[in-house]
Amino acid sequence: MKTIFKIKCKKDFEFLVVADNANEAYLKVRKYLDERILGFDEDRDLKSIEVIANKIQDDDYDDIYEELY
């Protein structure tokens with residue numbers, strides 16, 4: 001079972017992320033931003049995390065959201 005998180009960073013970067021926990025979700029976003037060198041380093045810092053959906057099956061989210069990290 002996974003959870004969908006809405007991750008917001010300080011520079012208004014916003015992502016929907018499928019992960020087991022909030023820490024894993026933010027690390028996925030941070031890795032994505034760091035690899036692409038988007039914004040300044042402090043812009044990539046976490047602003048907020050919100051749970052969108054709990055206990056979803058691993059294959060459920062493919063039909064609903066096209067771009068989840």
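Reply: Helices and strands here are DSSP runs, numbered from the N terminus. This is a predicted model. With those labels, isoleucine 37 falls in the loop between H1 and S3.

Me: Is aspartate 12 buried or exposed?

Reply: Exposed means over 50% relative accessible area. Aspartate 12 counts as exposed because its relative accessibility is 65%. Isoleucine 37 is likewise exposed, at 64%.

Me: Which residues make up the largest nonpolar core?

Reply: The core has eleven residues in all, among them Phe5, Phe13, Tyr26 and Leu33. Strand S1 (2–9), strand S2 (14–19) and helix H1 (22–36) each give two or more residues to this core, and H1 gives the most, with four.

Me: How far from aspartate 43 is the nearest side chain of opposite charge?

Reply: A salt bridge requires a side-chain nitrogen of Lys or Arg within 4 Å of a carboxyl oxygen of Asp or Glu. Aspartate 43, in the loop between H1 and strand S3 (46–56), is buried yet has no salt bridge, and lysine 11, the nearest side chain of opposite charge, is 4.9 Å away.

Me: What does the side chain of aspartate 43 reach?

Reply: The side chain of aspartate 43 reaches the backbone nitrogen of phenylalanine 40 at 2.9 Å. Beyond its neighbours within four places in sequence, aspartate 43 is in contact with Cys9, Lys10, Lys11 and Phe13.

Key:
Residues numbered from 1 in each chain as written. Predicted model: local features only at pLDDT ≥ 70, side-chain atom pairs only at ≥ 80, totals over all residues. Heavy atoms only, no water. Core = buried A, V, L, I, M, F, W, Y, C linked by side-chain atoms within 4.5 Å. Buried < 20%, exposed > 50% of the residue type's maximum accessible area, 1.4 Å probe, protein only. Lys, Arg positive; Asp, Glu negative; His and termini not counted. Polar contact = N/O pair within 3.5 Å; in protein donor to acceptor, adjacent residues only side chain to side chain. Contact = heavy atoms within 4.5 Å.
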